[in-house]
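Dear colleague,

Please find the structure below, together with its sequence.

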Amino acid sequence: MRIYKASSYDEMSRKAAHVISALVTLKPDCVLGLATGSSPIGTYKQLIKWYQDGDLDFSQVKTANLDEYKGLTKENDQSYYYFMVHNFFKDININMNNTNIPDGTNPDTAAECARYDQAIADLGGVDLQLLGLGRNGHIGFNEPGDAFAKGTHCIDLQPSTIDANKRFFASIDDVPKQAYTMGIKTIMQARKILLVASGEDKAQALFDSVNGPITPRVPGSILQLHPDVTIVADMAALSRFTDL
Ligand code: F6R
């Protein structure tokens, strides 16, 4: 694992955007695995700027998002589809036919999970997977549990995740209780992983993911077994590390 320190959220975002930009430049038809949430927004903003400056071209890039709330339509402004369009896709020259996000409105869980796994397989897998980290150590919506889930699955969100995400909803009762998420196996099959983390509330989860035992109780800890992980984190998120 390579860990890059950033002095601020903006610096973290720029450093992470450099990693993605290098891949898009070297492999214009790469497959990017994307995340939602607060952590990657600055990274997307930086990539949009470089696109607008004429330095990046997304016309051949393909994407696969980590997750989507179950039950939310694309038009719902809290869906991850909506998030991706409004925080990234609408401002770059990506072909929307090349973007993939689990369909939160498909009530047939087994069919949706199989469809999404097949879609990722059809892309030839993910070249670079961008990840945020949950306060409880989750990656994607792979919540702490007794075992690492493999492929795309539907998960019951933990109370701590519902609480962390309530800031985006009118009330905690509006936060969906379930989500579709790529599984740990799919994430681990990405050829490169880029994790961004900022803020004190990620410090313990980040420390445990990098230094703790590899356990499904801390899903991020599985990344210790991946051969190509880059972590970009700010000082607050790295505050439990004494040796950096
Ligand atoms: C989002 C996702 C989640 C978030 C994590 C951190 O697609 O898969 O794992 O990355 O919950 O969220 P933020 O960045 O909002 O702190």
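Predicted model: local features only at pLDDT ≥ 70, side-chain atom pairs only at ≥ 80, totals over all residues.

Residues are numbered from 1 along each chain as its sequence is written, and side-chain values use heavy atoms, leaving out hydrogens and water.

Helices (H or I, at least four residues) and strands (E, at least two) are DSSP runs numbered from the N terminus; two strands pair if DSSP finds at least two bridges between them. Seven strands, in the order 1-10-9-6-2-3-5, form an open sheet with parallel pairing. Its edge strands, each pairing on one side only, are strand 1 (2-6) and strand 5 (99-100). Five bridges join strand 9 (residues 192-197) to strand 10 (residues 229-234), and L195 stands opposite I231 in strand 10.

Helix 7 (residues 203-211) lies across strand 1, strand 9 and strand 10.

A nonpolar core is a set of buried (under 20% relative accessible area, 1.4 Å probe, protein chains only) Ala, Val, Leu, Ile, Met, Phe, Trp, Tyr and Cys residues joined through side-chain atoms within 4.5 Å. The largest has 30 residues, and L32, F58, F88 and F89 have the most contacts inside it. Helix 1 gives the most to this core, with six residues. A second, separate core of 29 residues includes I139, L195, A233 and F241.

Conventions: Contact = heavy atoms within 4.5 Å. Axes fitted to C-alpha atoms, helices over the stretch in contact; angles between N-to-C directions. Buried < 20%, exposed > 50% of the residue type's maximum accessible area, 1.4 Å probe, protein only.
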